[in-house]
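Colleague: Please take a close look at one part of this model and describe its surroundings in one connected answer.

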Amino acid sequence: MSDSDKSFTFSLTTETRTVNLTVSWSDDEVSHLIVFIVKPYSTLHGVYLVEDLATRELTLDQIDDERPHVLVYGLTVPDVRQTLRMFQVVSSGRVSSCTGSEVSLSLSKTQIPLGSEFFQNLDDLEVSSRYTPPADYKLLPDCSLPDACTTLIYLYRGDTQYLLETPMPASGVKVPFPLPPRQTYGGVLLQTTRTDHDGHKQYQYQRMSKSLILNSVMSKDDLERLKEKAELFVSDPYTHEVKVMFRNKPREKMDDIMENKNGLMEKYIKDRNGDPHSPINNNIDGLFFSVSLDRMTGRIPTSSYYGNRRLDVPVEGLFTANTNIYFTDFYCTYKAHYVTVVMTIKESDTDRFCEATLLQLDPYDNPFLYREGGTVHTTRTLHVEVLYTEDVDITALQDQYGPDRVCFTNTWALGSGKSTKHGLPKNRRCAICNL
């Protein structure tokens with residue numbers, strides 16, 4: 001350790017010995033240290049945040065393991081925003097197994113992500129993000145957390161790392177730093193109970209999330225470039241008339257809607273299917289319908305990966321003069337290319353969100369889904385899926401158009417016969433549909 005280095009010693013007692021871990025660093029930006037103590041291939045034992053480095057040493061709780069792992073981050077002075085404190089990680093270091101009674105650890109600029117490589121047992125807690133135009137992002141766990149808990153949220157992208165300390169209200173936690181378009185942060189959320197001491201805070205681990213992913217959305221310029229790629233792919237003139245919009249689900253779900261929900265098919269949150277930076281992912285509700293026919297037969301497909309029961313709705317029942325349509329995605333899942341069109345009711349909250357974030361399509365002049373005279377047409381070059389952003393009252397549609405036009409058909413279920421949780425990711429290697 002050079003004369004310019006600073007140091008702090010953590011004293012850790014195992015069942016048979018005491019380990020003195022001396023952490024040193026040279027970066028003047030370091031104002032706090034946070035240390036994670038982990039049992040190998042097991043759970044998080046404890047977390048300690050040192051706020052007064054002048055104390056020079058801290059005795060940690062005893063651990064019932066002889067070879068604990070230790071991860072230490074050097075943190076900047078926190079940015080305090082009401083009940084949230086944001087630290088930036090400027091240096092880090094770890095000891096994979098503390099052996100001996102005296103252990104030295106020198107922090108460096110090399111960034112060590114906090115996540116599954118360090119912690120083996122992650123809980124079933126999941127965290128999603130929500131986007132509000134023009135540039136606000138929130139993190140939301142999939143269940144409510146106790147009011148008394150303190151949440152530690154670690155986020156990283158490349159060499160940039162943040163640590164947030166905050167309560168977790170039901171409305172979520174706003175990300176306190178700017179996110180440029182099409183960026184991805186990884187991370188993890190820890191639910192803890194915090195105890196304040198003189199010079200440091202101790203966090204008792206309760207739950208840890210699965211690895212979380214925070215994707216910032218595409219800008220409209222990005223979407224314009226993606227739309228141009230889709231239009232280039234659909235350069236041939238082959239189209240077909242759209243008479244029905246159809247949706248497949250398992251039979252038991254369709255039966256439940258008709259028998260127990262008075263025929264009301266309720267919209268739900270859009271998953272992460274397709275491009276990970278699509279503005280609609282986890283942000284708007286809707287129901288997916290297809291308008292693409294089997295290219296070999298020219299008919300509605302008789303099989304589906306989404307279920308063995310198909311609902312057919314006349315296209316004019318959903319695509320009306322009171323709807324707007326928007327381009328939102330162009331992607332592939334290795335076998336076929338898809339364009340996603342969002343269909344909204346004009347002046348609705350979802351319509352305003354889409355107007356702010358997506359590209360509105362002229363319903364009479366676009367290559368994906370358009371009116372021509374009294375009919376509707378779509379391309380045959382790729383699959384066009386429509387996210388309809390309202391509930392669908394099947395019973396009311398049957399009263400309006402008749403049960404012979406708003407009807408159910410049995411189909412062959414492919415694969416698992418149901419949607420994949422969170423959706424299928426975009427093929428990142430495709431040169432056709434990636435920016």
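Modeller: M343 touches M245, L318, F319, T323, N324, I325, L369, V386, L387, Y388 and T389, leaving out residues up to four places away in sequence; contact means heavy atoms within 4.5 Å. The model is predicted: local features need pLDDT of at least 70, side-chain atom pairs count only at pLDDT 80 or more, and totals for chains, interfaces and linings use all residues. Residues are numbered from 1 along each chain as its sequence is written, and side-chain values use heavy atoms, with hydrogens and water left out.

I325, among the residues touched by M343, is also the bridge partner of M343, which lies in strand 26. Strands are DSSP runs of E with at least two residues, numbered from the N terminus. Strand 26 (residues 337-345) runs antiparallel to strand 25, with nine bridges joining them; two strands pair if DSSP finds at least two bridges between them. Four residues lie between the strands of this hairpin, where Y334 has a positive phi near 75°. Strand 25 is also joined to strand 27 (residues 359-361), again antiparallel, by three bridges, and F327 stands opposite L359 of strand 27.

The largest nonpolar core has 72 residues, of which L155, F289, F327, M343, F368 and V392 touch the most other members. Strand 25 (residues 323-332) gives the most to this core, with five residues. Such a core is a set of buried Ala, Val, Leu, Ile, Met, Phe, Trp, Tyr and Cys residues joined through side-chain atoms within 4.5 Å.

Conventions: Buried < 20%, exposed > 50% of the residue type's maximum accessible area, 1.4 Å probe, protein only.
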